[in-house]
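Here's a quick briefing to read with the structure open beside you. Have a look first, then work through the points below.

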Amino acid sequence: MSVVTNTTTIGAIEAPSRRNTELLLLAFAVVIPIFAYANVGLSIHGELPPGMLVYGLGFAVLAGIAHLVVRRFAKYADPLLLPIATLLNGLGVVLIWRLDQSERLRTLAKRSFGVFTESAPRQMMYTGLAIALFSVVLLVLKDHRVLQRFTYISMAGALVLLILPVIPGLGADVFGAKIWISVGGFSIQPGEFAKIVIAIFFAGYLMVKRDALALASRRFMGLYLPRGRDLGPILMIWAMSLLVLVFENDLGTSLLFFGMFVIMLYVATERTSWIVIGLLMSVGGATVVGMTASHVKVRVTAWLDPFACYSTSGACEQVGQSIMSFGSGGVLGTGWGQGNSDLIGFAANSDFIFSTVGEELGLTGVMAFLLLYGLIIERGVRTALAARDPFGKLFAIGLSGAFALQIFVVAGGVMGLIPLTGMTMPFLASGGSSVLANWVLIAILIRISDTARRPAPAPAPSPDSEMTQVVRPS
Amino acid sequence: MNKPLRRISLFCGLLVLALLIRTNWLQYVQAEELSTRKENRRVQIAQYATERGNIIVGGQPITGSAVTDGSDFKFKRTYLDGPLWAPVTGYASQAFGSTQLEKIDDGILTGNDDRLFFDRTIGMFTGEKKQGGNVITTLNAAAQKAAFTSLGDKKGAVAAIDPRTGAILALASTPSYDPSTFAGNSKNDEKAWRTLNDSADKNLVNRALRETYPPGSTFKVVTTAAALEHGVVSDINTPTDTPEPYILPGTKTPMVNHATGCEKASLLYALQVSCNSVFAHMGDKVGRDGMVETAQKFGFNSTIDTPVRAFASVYDKTMGKDGNALSSIGQFNTAATPLQMAMVTAAIANDGKLMKPYMVEQLTAPNLDTIEKHEPQEMSRPLSAANAQKVQQMMVNVVENGTGTSAKIKNVKVGGKTGTAQHGEKNAKRPYAWFISYAELPDGSSPVAVAVVIEDSDVKDREDITGGGLAAPVAKAVMEAVLKNKG
């Protein structure tokens with residue numbers, strides 16, 4: 001085995017680009033949401049939904065464009081990332097459209113805001129924009145290592161993005177969380193973009209400082225403890241996360257940033273001590289905040305026993321409703337359009353969209369979705385393993401790790417595994433920022449994987465014009 | 001850097017694994033519990049998602065379903081003549097739950113019953129909508145209407161049974177309520193529900209099954225049965241050894257008689273004019289335990305599922321001798337539901353054989369297949385056929401010559417007994433007027449036994465005659481309706 005592997009790297013034998021595999025998978029990723037759309041229409045209205053052909057074709061064209069861009073500009077990219085993202089995004093739009101049809105949510109919106117607006121068309125528009133942004137990233141970013149130059153600019157950028165929602169007049173307080181800003185009628189969640197920008201900073205910074213952080217250390221109880229002065233960066237990030245938590249009431253983003261940093265720090269230094277320190281710091285921070293901040297306390301109570309405080313607390317009712325949604329779905333689910341996950345009320349199509357998956361697609365559907373997310377993470381980690389440069393490695397693992405943490409925090413929250421945090425399920429939840437940011441994330445992973453899998457340039461033809469003799473056993 | 005990368009990869013895998021385990025826990029292990037929790041509105045939504053099956057009387061549905069708008073409950077229960085049938089149907093309200101037949105047979109009515117599994121499975125393939133089955137009752141529409149209309153504005157209840165089978169023919173309670181008024185979950189429904197709940201008249205109480213009244217003199221037929229069965233008396237025409245005045249055992253209180261000629265009166269005469277002293281004396285001679293035994297054979301001291309549960313009527317098992325003597329004329333702690341007194345009458349009319357009362361004849365699937373059919377069951381034999389015929393003779397005598405003449409029906413032999421039960425502190429409240437009776441066919445069997453109770457009989461004269469004056473015409477109307485519409 002090892003012999004064969006070695007020979008293939010020596011020779012200029014073309015590595016398969018896997019673009020056709022991607023195209024085939026993409027065809028499924030387009031067809032499945034279209035069937036789902038038809039299914040919802042049939043079960044709710046008893047007829048095929050309007051514009052099936054137009055929407056189906058539109059979706060196929062978007063996926064086709066994305067594929068062509070990848071084929072042209074990232075030929076050796078990982079073939080799974082694009083189809084999975086497309087499938088999740090497509091099903092997300094169908095889920096949102098299904099919740100748009102809910103009489104209960106319409107009435108609720110009319111009673112609260114006086115007007116009900118459908119979310120699916122907007123989500124479709126954002127998907128289009130996101131695919132465009134995806135293409136632009138692949139077109140412009142020929143090599144991810146270029147981003148290394150923007151290490152410190154990224155840090156500044158990320159800080160600005162994080163601070164924006166707190167600025168009076170710009171930030172918008174929605175259901176207690178200050179994570180939105182409104183610009184010209186659009187709500188933007190800067191945190192979603194900050195996730196990517198800050199990964200650039202972490203990767204660039206750690207690549208430079210990894211030796212100092214890894215080697216200068218003292219041994220204590222089997223652990224290599226860093227010097228006090230090297231603790232600076234992690235302390236700063238920790239403080240920043242806590243500030244985000246305290247000022248923006250956003251437990252999720254705070255956890256996400258800190259977790260991402262610890263993961264990247266560990267990968268960069270190969271020192272287990274960083275994990276221990278990181279865990280201790282997050283447990284400490286969480287305990288202090290959990291005991292003092294009232295909105296966190298409420299969520300912890302709701303997590304411990306949602307039915308004990310069901311009728312008295314809105315947070316408990318939300319979690320209880322979500323859990324009952326999952327339970328009522330059972331193994332096979334009620335089928336598209338036939339559940340009552342809209343009982344959750346507000347945020348049914350954003351933070352709680354996974355509960356609709358739970359009820360209507362059942363245990364089977366939820367496991368399928370979790371495995372799809374798991375595959376994206378796995379492809380991301382694999383990209384990090386395959387990447388040849390440390391910056392690419394760190395960048396890829398940072399993005400994949402953050403993605404994994406986000407899935408865990410959101411799905412775990414709506415399933416009552418951990419306290420609920422206000423974050424959105426990537427690709428599924430309604431919201432432009434989330435869709436745009438996650439497509440950028442996929443574009444970057446595709447770019448890194450393309451660089452990683454691209455075969456080394458063929459050696460210049462030898463003037464001897466003699467091929468190296470390949471010795472084959474038998 | 002690849003070693004930590006692999007570890008991170010493992011860590012991410014564990015995160016996803018934790019989620020997978022959690023979803024299996026929620027959606028498989030706990031699915032049943034979560035999907036049936038009381039907080040889970042889906043339970044009610046499913047209950048009203050399809051057209052409910054109907055409750056049927058004499059081939060005609062007395063219920064229906066209506067589509068509701070602006071609610072997550074698709075169908076709402078409607079009642080064709082709500083107040084008339086409320087004591088039978090109970091209610092099925094989207095907001096306030098359900099009771100009685102609507103609750104007990106909810107599985108059949110919604111189509112969720114396990115016995116309808118095949119219908120549902122077949123429906124799944126043929127694409128037919130899930131339908132509810134029907135509940136076919138034993139009630140007699142004419143008798144029910146007669147009972148309800150003749151009770152009129154008075155507060156009271158009627159229970160009528162076919163003595164031969166135990167089938168319940170009429171079950172009326174007034175003042176009644178219309179379950180349609182709060183079947184939905186709108187503001188109006190809530191208002192109607194509040195009003196009914198706050199009403200001093202206790203409209204929602206099913207007086208025929210779930211209210212116990214002191215049975216007064218109607219209980220004397222039970223005492224008669226006990227005296228005959230326990231050999232205290234063997235001939236109803238022989239004078240008894242009752243003194244006048246009769247002093248309650250262990251006390252110095254004389255028993256007041258409203259009738260004359262009670263001293264040493266025969267049972268036949270004593271029942272005809274309703275002597276208190278004679279029956280108190282007989283009850284004392286039978287003894288408490290003997291009285292309890294006979295009363296329990298008639299159904300006292302236990303609940304009865306028709307399948308709607310009727311409260312247990314009471315004959316005190318621990319009272320002293322004086323209490324027992326008073327109880328033998330239906331006072332003291334003795335209390336009976338109208339259904340219980342109808343059962344007493346039915347057992348006597350059916351020659352001593354008490355049939356278990358029931359109101360559901362059949363449960364049918366949506367395609368009208370029978371799922372369950374009730375077979376008449378014997379419940380007990382409180383008295384022998386010979387003794388039963390003696391009591392029958394006495395009861396016929398009451399209607400022919402005694403206090404119950406207003407229940408006479410032309411060309412039909414009717415047996416009955418009046419009752420006026422005093423209650424309240426020092427018997428200050430208005431008495432309850434009772435009448436129990438049965439009608440006899442030429443072959444000696446009886447198609448109907450009735451018990452009527454009227455509360456707050458607005459009559460100043462507290463003579464025993466009130467039962468005959470107020471309640472007997474109601475019983476007569478019910479008996480006539482059954483005789484005319486035998487079905």
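At what angle do the axes of helix 4 and helix 6 of chain A cross? They cross at roughly 160 degrees and come within 8 Å. Keep in mind that this is a predicted model.

**Helix 4 and helix 6 of chain A**

- Helix 4 covers residues 81-100 of chain A, and helix 6 covers residues 120-140.
- Angles over 145 degrees count as roughly antiparallel, so helix 4 of chain A is roughly antiparallel to helix 6 of chain A.
- The crossing of these two helices is right-handed.
- On the helix 4 side, the residues that meet helix 6 of chain A are A:Asn89, A:Val93, A:Ile96, A:Trp97 and A:Asp100.
- Helix 6 of chain A answers with A:Ala120, A:Gln123, A:Met124 and A:Thr127.
- Sorted by type, the residues in this contact are five nonpolar, three polar and one charged.

**Where chain A touches chain B**

- On the chain A side, 40 residues are in contact with 30 residues of chain B.
- Four helices of chain A each supply at least two residues to the side that touches chain B: helix 10 (251-269), helix 13 (314-329), helix 14 (353-386) and helix 15 (390-414).
- Helix 14 of chain A gives the most to that side, with twelve residues.

**A five-stranded sheet in chain B**

- Chain B has an open sheet of five strands in the order 2-1-7-13-14, and the pairing is mixed.
- At the edges sit strand 2 (60-61) and strand 14 (370-373) of chain B, each pairing on one side only.
- Strand 1 of chain B (residues 55-57) runs antiparallel to strand 2 of chain B, and two bridges join them.
- Within this part of the sheet, B:Val57 is opposite B:Gln60 of strand 2.

**Helix 8 of chain B**

- The buried residues of helix 8 of chain B include the alanines B:Ala141, B:Ala142, B:Ala143, B:Ala146 and B:Ala147.
- Also buried in helix 8 of chain B are B:Gln144, B:Phe148, B:Ser150 and B:Leu151.
- After helix 8 of chain B comes B:Gly152, which has a positive phi, near 55 degrees.

Terms used. Residues numbered from 1 in each chain as written. Chains lettered and ligands numbered in written order. Predicted model: local features only at pLDDT ≥ 70, side-chain atom pairs only at ≥ 80, totals over all residues. Contact = placed C-beta atoms within 7 Å. Pairing = 2+ DSSP bridges. Buried ≥ 20, exposed ≤ 12 C-beta atoms within 10 Å, placed from the backbone. Axes fitted to C-alpha atoms, helices over the stretch in contact; angles between N-to-C directions. Parallel < 35°, antiparallel > 145°, perpendicular 65-115°, else oblique. Left-handed = near helix turned anticlockwise from the far one by under 90°. Nonpolar A, V, L, I, M, F, W, Y, C, P; charged D, E, K, R; others polar.
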